[in-house]
Every structure is written in structure tokens, then in C-alpha cells.
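Please read the points below with the model open beside them.

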Amino acid sequence: MDGLKPKISDHAPTTRSREKPSGDEEATAELKLGEFQDVPTLTLSEARLLINAVIDNRKKQRKVDETETLIKTQDYLDVFARFKQKENIEAVERMLSAKQELERFERSQLGSLCCETAEEAKTLIPSLSNKISDQDLQELLDDITKLRHFVE
């Protein structure tokens, strides 16, 4: 009877083989984003604003399909988006966009993380280290914090 048992290797695989990551992407002291290097990015607040606008538009057209993923994404953004009002989101974007020496990814991270100190920002976003002085970065962070504390 043992000779009639199919071997495990005789069966079709139960999962698809995955493409191995290229390994080109890393957000360390040297920012390497591969094919995403020059792709526009959003802060969590901008993503929240955009998704809510799309959903509101779909509700008006009665084309809302609220999937579990969409609901979980909205919940996540409601918790972690630092700015809720459109005016504040736009003000932060203007401040960050003025820092052309920073990559889009770095600006989005700064707008999402809302670090309190330049040291914290450079620890969380190591690629900032040689692009902006601690003093300039601290001024930017302070301006962002003012918007967050006094206007929201």
C-alpha cells in the first residue's frame, strides 16, 4: 500500500510563488526608493482628506461600496492623521513644499510624524541628516506644531 501513496511533491503548490523584493528600497541615511523615488507622496492627513472627499462624492452619486478595507483605512487615518481641517493640511503642505532640498518622501514623513525635535526627526528619518540643519529643521517643526496645537 505504501507504494500507492502520492508524494507531497506530486501535488500542485497551494500558494503562488512570490516575486522576491528587489531590495533597492530603503529609507536610511541614504534614501533609496527605487521606482518610487520621484513619485508624489501624501501625509496621512492629506490621504484622509482625499479619501473622505472621494467617499463624499460617491455618496452623492449613490455609488458607495464601503468595504472592510476602506472602513479600516478610514479608522486608521482618523486616529493617526495629525491635522483634520483642510486649511491646516494645506498650510502644512505649503511649509513642507518650501523645503525643496528635501525629497517628497521626507516631507510627507515630517508632515505625518510631527516630530517635536530635530533630533527626533533625524532619528526617525535618517536621510534628513545631511540635507537640513538642525536649526532650520527645528524651526519647521515648531511651525508645524503651532498649527497643530493652536488651530486644530
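The numbered points follow, beginning with the basis of the model.

1. The model is a predicted one, in which local features need pLDDT of at least 70 and side-chain atom pairs count only at pLDDT 80 or more, while totals for chains, interfaces and linings use all residues. Residues are numbered from 1 along each chain as its sequence is written, and side-chain values use heavy atoms, with hydrogens and water left out.

2. On the surface, Glu101, Asp136, Glu139 and Asp142 gather in a patch of negative charge. Patches consist of residues with over 30% relative accessible area and no salt bridge, like charges being joined within 9 Å and nonpolar side chains (Val, Leu, Ile, Met, Phe, Trp, Tyr) within 5 Å; a salt bridge is a side-chain nitrogen of Lys or Arg within 4 Å of a carboxyl oxygen of Asp or Glu. Asp and Glu count as negative, Lys and Arg as positive, and His and the chain ends are not counted; a charge is placed at NZ of Lys, CZ of Arg, CG of Asp or CD of Glu.

3. Asp142 belongs to helix H6 (residues 134-150), helices being DSSP runs of H or I with at least four residues, numbered from the N terminus. With a relative accessible area of 34%, Asp142 is partly exposed, given that buried means under 20%, exposed over 50% and partly exposed in between (1.4 Å probe, protein chains only).

4. A nonpolar surface patch is formed by Leu42, Leu50 and Val54, which together have about 250 Å² of accessible area, computed by the Shrake-Rupley method with a 1.4 Å probe. Leu50 lies in helix H1 (residues 44-60) and, at 47% relative accessibility, counts as partly exposed.

5. The count of aromatic pairs comes to 1. The ring centres of Tyr76 and Phe80 are 4.7 Å apart with the planes at 40°, so the pair is tilted; rings of Phe, Tyr and Trp (its six-membered ring) pair if their centres lie within 6.5 Å, with planes under 30 degrees apart counting as stacked, over 60 as edge-to-face and the rest as tilted. Both residues lie in helix H2 (residues 68-80), 4 residues apart, or about one turn of the helix. Tyr76 is partly exposed at 43% relative accessibility, and Phe80 is partly exposed at 42%.

6. Lys122, in helix H5 (residues 118-124), is buried, with a relative accessible area of 15%. Its C-alpha atom is separated by 9.2 Å from that of Ala29, 93 residues apart along the chain.

7. In helix H4 (residues 104-113), the buried residues are Glu106, Arg107, Ser108, Leu110, Gly111 and Ser112. Cys114, which follows H4, has a positive phi near 50°.

Definitions and conventions. Helices (H or I, at least four residues) and strands (E, at least two) are DSSP runs, numbered from the N terminus.
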